[in-house]
Number of protein chains: 2
Amino acid sequence: MAAPDRGFPETEFATRTARAQALMAQTGLAGLLLMTEAEVRYFSGFHTLFWQSPTRPWFLFVPADGKPIAIIPEIGAELMRATWIEDIRTWSAPAPKDDGISLLSDLLLPLASGGETIGVLKGHETALRMPLGDYERLMQGLSGLQVADATALIRSLRMVKSEAEIEKLAHICSIGSRSFARVPDFAHEGQPLEDLFRAFRREALAQGADDVPYLVGGADQGGYHDVISPPSRRPLARGDILMLDTGANWDGYFCDFDRNFAIGAADSASRRAYDVLWRATEAGIAAARPGTTCRQLFQAMQSVIAELDDQGGDVGRLGHGLGMQLTEWPSHAAFDDTEIVENMVLTLEPSLSYGDGRIMVHEENIVVRRTGAQLLSARAAPDLPII
Amino acid sequence: MAAPDRGFPETEFATRTARAQALMAQTGLAGLLLMTEAEVRYFSGFHTLFWQSPTRPWFLFVPADGKPIAIIPEIGAELMRATWIEDIRTWSAPAPKDDGISLLSDLLLPLASGGETIGVLKGHETALRMPLGDYERLMQGLSGLQVADATALIRSLRMVKSEAEIEKLAHICSIGSRSFARVPDFAHEGQPLEDLFRAFRREALAQGADDVPYLVGGADQGGYHDVISPPSRRPLARGDILMLDTGANWDGYFCDFDRNFAIGAADSASRRAYDVLWRATEAGIAAARPGTTCRQLFQAMQSVIAELDDQGGDVGRLGHGLGMQLTEWPSHAAFDDTEIVENMVLTLEPSLSYGDGRIMVHEENIVVRRTGAQLLSARAAPDLPII
């Protein structure tokens, strides 16, 4: 299968920026000060793994009109010049005494003098990716500047994907599906779980993933107990229930789904749990239409899960948004009344507890179209597969 | 080569905690509130890739005496119970209205009433990994509580590695060295750079890496121009200078070094640049002894680089600490007067600009012993290798 083009045409970034600026005008924001990888990339196209180094902060300022302004370490200037951004202000970082703070002050002082309000991400699922001390010092020097939480604004934009984004997401989901389909070929009794993890990563790369940054799972007799562990050296044994959950990516977009397998033979409790989760997912697929709320989607899945477990496990939600990050807004949970709209890309992730502290998870990735959910992952088998 | 044991004995965490508490006593801190992956893992052993999901905050509180206290989402309870931590307080996350904040308040209110001071990471190379709005609300509810920057304290502990940490770092550096040694076997003219990146990742996994989360590089005629880019589809061509820089990891510890290759033939300017950087690294290896400062180490390398480039490139420093993160304190830079001590693990990373905007980087990983630097990476060839 041919891969889509890498990157985006400039119109993608221009559209995103114009939409943000329209919302900023409605809410009276004179600018957005962004510093997290996904947000900087969303508005600029600046794409690098260098964010894994915590040393240097990176900033993008979206003004009320015009292109965003980059305030970044000099080491990123060449890459930023390859994007649509024109105003690129750099400093030689790291510089602990002034890591971009003077440059930010110069930019923001006129807004502070005018008593303007800027937006910063302060809400759910966000973090401050700069030293807190630097942030406090910056703001102390900008008296008059008002800071509002821009989480709702950014969330409303990023939750709905463009066709170009959906194409990338479909591509990586297809790579993930092909990789899971090969698991029975390379997983076997006696194989230490850490070796299976390596084999899965190698397979996903061979299938065309750029990387497999997220891979967790578990295996244990009659069911696993934990869904976020790194792999152990314990060898797979007959009677194990094995789960692999992967976030592979391509061109900066993630798939995020899991698959369950029984090794040699499946116990009846695990087969029952699998069946309940498979049907809960079906209920989720049927419910995931424009106009449904995330709470309703949660309830549609939870009503099936309740056949076996009325707690819905301890994972806190039954799926979430998917895109440039492994997990994004919204949450399929009782607390989230977000209305589902066309072109949201979502995970459906029902889970349950059963037996003596065992847990099972099941997950698919979908894009919501006008007429309903369209699967991006190849639907899991209706019965627990046996290797 | 046999891999070391995974994880650490409990004494490792007890020692780290006791050292932190001794420093806290000296500086009058009643506790440390930590929330970043490396710090939570450093004091607890809690190790999961789940941190890649930005949705949930995680907290670890190191009190003035006794074991640390975990305040974490319920989804992590099972894994945290497998560590030495006993006091584990959980909530069903995500919960946007109260993501751990009540639990933190309950813990910190007695300290606030007593006008005590706690430490939070606010300094260089740190971030606030919780919503800024939640942090502000938490602190507003804790009037009387003083917050000090604990960066210097944490930095002084994490910069110096234990023998068990050094063993893990030596293991992953050895895996990285064997992977680079195989590059001439799978890199070839006509190969798109993104395919080479995939082949390198697969090789490093085959050599025993858990993952290769960081892989950047470049290739261009007579030299590359950028050292933080993701791979392009441009095929390798005769006359290219190719650089691959990897952060592979094993059991949560990183290697971080790069290698340069010429495709088919090497131009004389690139050979000269390589020779200068190789000798700058030799100067760094000779200088990296207990008692030297990072500034002196920087100058030792810079004095050789100056033969060709008196700016030292735009990368801001010539190496850094290495451990649980791809880049850690200290920085080999003119601003950093940290004294090098025994059992620091460091990168030596001289770089220079040459020709028309070309850049070259060169990197080794070392552990500083009483008698001087010991290489963890297999030393690069003294002449630019030709594939």
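Which residue forms a salt bridge with A:K67? In this predicted model, the partner is A:E10, and the closest N and O atoms are 3.7 Å apart. A:K67 sits in the loop between β2 (59–63) and β3 (69–73) of chain A, while A:E10 belongs to helix α1 of chain A, so the contact ties together parts that are 57 residues apart in sequence. How exposed are the two ends? A:K67 has 24% relative accessibility and counts as partly exposed. A:E10 is partly exposed as well, with a relative accessible area of 46%.

A second pair in chain A has another setting. The side chains of A:R259 and A:E364 meet in a salt bridge, at 2.8 Å from N to O. This pair links distant parts of the chain: A:R259 lies in strand β10 (residues 257–262) and A:E364 in strand β16 (residues 364–369), 105 residues apart. Are these two residues buried or exposed? A:R259 is at 9% relative accessibility, so it counts as buried, because the cut-off for that class is under 20%. A:E364 is at 0% and counts as buried too.

B:D240 and B:R234 form a salt bridge whose closest N and O atoms are 2.8 Å apart. B:D240 is buried, with a relative accessible area of 0%. B:R234, at 29% relative accessibility, counts as partly exposed.

Salt bridges also join into a network. One network links A:R6, A:K168, A:D210 and A:D251 with B:E194, B:D195, B:R198 and B:R233. Its members come from chain A and chain B. Over all chains, the count comes to 68 salt bridges.

Now turn to the empty space. Rolling a probe the size of a water molecule over the atoms shows where such space is left. The second largest pocket holds about 440 Å³. Its lining has 21 residues. Those nearest its centre are A:G7, A:F8, A:G45, A:F46 and A:H47. Two elements of chain A give two or more residues to this lining: α1 (10–27) and α2 (37–44). Which of them gives the most? That is α1(A), with three residues.

What is the lining made of? By class, it has 10 nonpolar, five polar and six charged residues. Both domains of chain A take part: domain 1 (10–158) and domain 2 (163–375) each supply at least three residues to the lining.

Definitions and conventions: Residues numbered from 1 in each chain as written. Chains lettered and ligands numbered in written order. Predicted model: local features only at pLDDT ≥ 70, side-chain atom pairs only at ≥ 80, totals over all residues. Heavy atoms only, no water. 1 Å grid on protein atoms, 1.4 Å probe; cavity = no way out; pocket = protein on both sides within 12 Å on 5 of 7 lines; lining within 4 Å. Points joined across faces, edges and corners; volume = space filled by probe spheres on them. Helix = DSSP H or I, 4+ residues; strand = E, 2+ residues; numbered from the N terminus. Nonpolar A, V, L, I, M, F, W, Y, C, P; charged D, E, K, R; others polar. Domains from an automatic or database assignment. Salt bridge = Lys/Arg side-chain N within 4 Å of Asp/Glu carboxyl O. Buried < 20%, exposed > 50% of the residue type's maximum accessible area, 1.4 Å probe, protein only.
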